[in-house]
Amino acid sequence: MSSFQLNNNIFRLTEDLLVRVQEKIAAESDRKSFRLVCREFCRIDSLTRKHLRVLRIEFLPSLLIKHPQLQSLDLSACPRIDDGVVSLLLTRVGPGSSSLNWANWTRGLKSLILSRATGLRFSGLEMLARACPCLESVDVSYCCGFGDREAAALSSAVGLRELKMDKCLQLSDVGLVKIAVGCLKLEKLSLKWCMEITDLGVDLLCKKCVDLKYLDVSYLKVTNESLQSIASLVKLEVLGLMACPLIDDIGLQFIERGCPLLKVIDVSRCEGVSSCGLIPVVRGHGNLLELNAGYCLSELSTNLLHWIKNLKHLEVIRIDGTRISESSFHVIRSNCQSLVEIGLSKCVGVTNMGIMRLVSGCINLRVLNLTCCHFITDAAISAIADSCRNLVCLKLESCNMISEMGLCQLGSFCLLLEEIDLTDCCGVNDKGLEYLSRCSELSCLKLGLCTNISDKGLFYISSSCAKIHELDLYRCTGIGDDSLDALSRGCKKLVKLNLSYCNEVSDRGLGYIGRLEELSDLELRGLNKITGAGLEVVAAGCKRLADLDLKHCEQVDDSGFWALAYYSRNLRQIPKRRMGRMQGYEKRRIMRTILLNSVDRSVKTWIKHNFGEYDTLSSFLVLNIKHK
């Protein structure tokens, strides 16, 4: 069959069949290829797209018209959105520019992500809440200026089931009560860092929102009285109490007698909690799936272990920073064989023998954190590799006694490994990276401070690990331009790259980095051989660049920043200290251009720190824009 006949057959497919084909495509890169085939395929993609993440606010109206079936809209990359923009979208985006009815795009919307949308206030939120009758999930985390009025606006969404308000610093008990009264169907609520909320607000919340399944009050100054109220939530499954300084062992006794469906509890960094307080929690919840008690236990006591061994379904346990004995590993191995994740970061008493005992019984482990367990050697790594064949994440930062032999075992048996942290593991060398390159599923590799690796080691990684999207080479002084050439050819999916203080990297290396079209986060701190010419190539090639670190790059001049101003339309952040050889007046002109082209407040913050108050500069820019 000729290619012409094949194309004709494809284009004879009905719209229904094309929709079914498109629904089978999972990867975003494949969906992009699908819609680039022809206009019809692009139209099908537009009609069926359910999720949309917008990077630039000026494209938002046309995108909403193009995708009428949206169920999820992510505006977290558009901090400039404000009440006026929302009003415009709700009245102008729809059939007819003069339509006063709610726009079509809101009718089926179920999820709205407004994280860091600091320009939005209660008026815009209220319009959105009333315009989206099917709205079930809202994320306004890190909107630090949000308070009680914004909470009252969100309470208009009576069908809301999930609400994330982390770091809404002005939110108090008044706003929380309005949400509790207005959103009776609420099942998931996160209030991390909402420092004005007290026991009173939590108590009223628990009385009104009786269907809560997930509640996170981490970092709040709530007391044991809040735990007594939380214990009345009969449907609660997940409870986050991280770094709550005023709760203690007495308060956790309320949890023992309440929350019968509790599956996950996080009391990490709670100064008042000890092994004695965790015993009632474990004793009262035999079906617990996840226990996070990092950095709050001085030691893993025998009494607590006695009750932990009854948790036959436990899947995750994190006891970072705890003193632990070899006998404890034996108890966990023998009784908690369903474990898929163990956190032992900075634990005292972790030895080769203890790890060998642990992994011999926990063969289903997928995540293991051994950060700063300084006595771990290749013997323990060999045991991990031999027993845990399904391991996907291994953290070994500062495990200085690991060498190429341990990596050889990992490369031979842990072929599903996706993430490994070898930061400050001085025993890692090029031969070790050759062994590790057999793990073709690697997506995250951290090699910071590994001074014994060179271009040769990265050649191995580049040739075999095409799926890597994050690579940390901080202070890997043996890395030069040639390895970046190999990376740009073999690891085209790189999103995050750290080359800080890799002193051999020059403009030639930046030219290779410019081939990485997916790159969004690049750290080049302290590279004295790079200039504005190299930065121009990066700016022109890496159009998705959002975060760029150029601290102490003394040779970068104005030309590089002009290129950023022209090409880097998604740039969010440029750290400010010692930004190279830029003249004062020229710096103002360049950063003015970047401000006009960028969308994130972080760049504006950078300007404020470098040039004085932002208000004066922004007023000047507004006048110029209006004049044009």
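The sections below cover the overall model and then its cavities.

## Model and overall make-up

This is a predicted model, in which local features need pLDDT of at least 70 and side-chain atom pairs count only at pLDDT 80 or more, while totals for chains, interfaces and linings use all residues. Residues are numbered from 1 along each chain as its sequence is written, and side-chain values use heavy atoms, without hydrogens and water.

The protein has 27 helices and 20 strands (DSSP runs of H or I with at least four residues, and of E with at least two). Of its 628 residues, 51% are buried (under 20% relative accessible area, 1.4 Å probe, protein chains only).

## Largest cavity

Two cavities of 30 Å³ or more are present. A cavity is a set of points on a 1 Å grid over the protein atoms alone where a 1.4 Å probe fits but cannot get out, and lining residues have an atom within 4 Å of a point. The largest holds about 50 Å³ of space, the volume being that filled by probe spheres set on the points, which are joined across faces, edges and corners.

Its lining consists of Leu75, Ile81, Val86, Leu89, Trp105, Leu112, Leu114 and Leu128. By class, these are eight nonpolar, no polar and no charged residues.

## Second largest cavity

The second largest cavity has a volume of about 40 Å³. Leu112, Leu114, Leu125, Leu128, Ala129, Leu135, Val138, Leu154 and Ala157 line this cavity. Helix α7 (residues 122-131) contributes the most to the lining, with three residues.

Methods. On a 1 Å grid over the protein atoms alone, a cavity is a set of points where a 1.4 Å probe fits but cannot get out, and a pocket is an open set with protein on both sides within 12 Å along at least five of seven lines; lining residues have an atom within 4 Å of a point. Ala, Val, Leu, Ile, Met, Phe, Trp, Tyr, Cys and Pro count as nonpolar, Asp, Glu, Lys and Arg as charged, and the others, Gly among them, as polar. Buried means under 20% relative accessible area, exposed over 50%, partly exposed in between (1.4 Å probe, protein chains only).
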